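Hi everyone, thanks for coming. Have a look at the model first.

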Amino acid sequence: MLILSVLFLFIISVVPLRASAIDIPPNARWQQKGVTVAGGNGYGDGSNQLSRPYGLYVDDEQTVYVADSDNHRIVEWKSGETSGQVVASGNGEGSGANQFWEPVDVTVDKERDSLTICDHCKATVVRWPRRNGTSGETIISNIDCWGLTIDETGSLYVVDCEKHEVRRYRRKECEGTVIAGGNGRGNRLDQLYHPNYVFVDQDHSVYVSDGGNHRVMKWMKGATQGIVVAGDHGIGESLTQLFWPEGVVVDQLGTVYVVDSDNARIMRWPQGATQGNVIIGGNGGGEQSNQLSAPYGLSFDRHGNLYVADSDNRRVQRFDIQ
C-alpha cells in the first residue's frame, strides 16, 4: 500500500493538472451548479475582478492561475480566497518586458518555478518568474499563440492559430517542430483551421481543439495526420456536433472533455464514441450558476473537479465531482 501511495503521488507531481492524474469513472457526474472561485464581481481590474478570463491552470493546492486578457495580467487565486493576486504584469497594455497585450493562456513550469504565457497580441511566448517576478523573458517570437502546455519532460507545445499548427519546443530549442497541422488552413485530416487549445497525454499524443472545423483532433506521436475524436459534423448543438471548441483535457481513460464554447456547455466524449454527452451547462448562455457564457479554458484539479474560465461572466467556475 505504501508503494502504491508513493507511486500515486509521483504521478500527481509530474502530470500537468490540466489533466487529472486519477482515473475518472466513465459515468462520473458533476454538480450542475458551479461555485465561483475567481472573479464574478463584474467587469473591472479590481483584485476581486476579472475582465475577460481565457486560459487557466490549476496547481496541486487548487490555486488557480488565470490569463485575465483584457486586464493584460496573470492573476493567482488561492483556494477559498475572495480576491486574487497579480503575479505577472498588471502594468497595463504595452510592449515593455513588464507588460502584456492580451495574454490568452498560462501554464506552470514546475522545473523552472515559472509561468509560461501566451502574449497573443505581441505574438510572443513569455516566461515569467512564478514568485516575485517583475518582468518576463520572451522565449518564442513571431508566433500567433493561443494555447500552450508543457509535458512531463519539459517540452513546450504551442498553438499557432494563424499558421494552423501546433509546434513542440524541447528544452533549449528555438525553432520547434510542427507536430500537428502545418499544411495550411483546411479540414483534411492533416490540416487544422484556427486551432485554439492543446493537450498532451502521457504517450505524447496531442489533442487540439480545431475551432474553425468544430472538432477535436488527436495526433499520435510522429503521425502525419490526425484522428477526429469529437465533433466534425458541422456547426450545431446536437450530441454529434460542436460549435467552436476551446479548452480540451483528456483523462487517463482517453475520455475527451471539451469546452463547446458557442453552445455554452462542456461535453465528454469517451474514447471511440461517435457522439458526446453534456456534463456541464447546456442551459443556454447566461449568468446563473448552472449556465456559462462564452467559456474558454478548462482544467481538472487532482480530485476530478472541473474548472471553467467563464469569460463573458468574468469568472472562473468550479464544478465539483459527485
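**Charged pairs and a domain contact**

Let's start with arginine 315 and aspartate 310, which are both buried, meaning under 20% relative accessible area, with exposed being over 50% and partly exposed in between (1.4 Å probe, protein chains only). These two side chains form a salt bridge, the closest N and O atoms being 2.7 Å apart; the term stands for a side-chain nitrogen of Lys or Arg within 4 Å of a carboxyl oxygen of Asp or Glu.

A word on the ground rules. This is a predicted model, where local features need pLDDT of at least 70 and side-chain atom pairs count only at pLDDT 80 or more, while totals for chains, interfaces and linings use all residues. Residues are numbered from 1 along each chain as its sequence is written, and side-chain values use heavy atoms, with hydrogens and water left out.

Back to the charges. The structure holds 20 salt bridges. In one of them, lysine 122 pairs with aspartate 119 at 3.4 Å between the closest N and O atoms. Here lysine 122 is partly exposed at 24% relative accessible area, whereas aspartate 119 is buried at 0%. Glutamate 76 and lysine 78 also meet in a salt bridge, 3.6 Å from N to O; glutamate 76 is buried at 10%, and lysine 78 is partly exposed at 44%.

Now, the domains. How is the protein divided? There is domain 1 (51-142) and domain 2 (143-295), with bounds from an automatic or database domain assignment. Domain 1 gives 22 residues to the contact and domain 2 gives 14, where contact means heavy atoms within 4.5 Å. Two salt bridges are counted between the domains. Arginine 171 and aspartate 109 meet in a salt bridge too, at 3.2 Å from N to O. On the side of domain 1 that touches domain 2, β6 gives the most, with six residues; strands are DSSP runs (E, at least two residues), numbered from the N terminus.

Last, glutamine 317. This residue is found in strand β24 (residues 315-319). Is glutamine 317 buried or exposed? Glutamine 317 counts as buried, because its relative accessibility is 0%. Beyond its neighbours within four places in sequence, glutamine 317 is in contact with residues including Val35, Ser289 and Asp310. The C-alpha atoms of glutamine 317 and tyrosine 307 are separated by 5.6 Å, with the two residues 10 apart along the chain.

Thanks, everyone!

Notes
Helix = DSSP H or I, 4+ residues; strand = E, 2+ residues; numbered from the N terminus.
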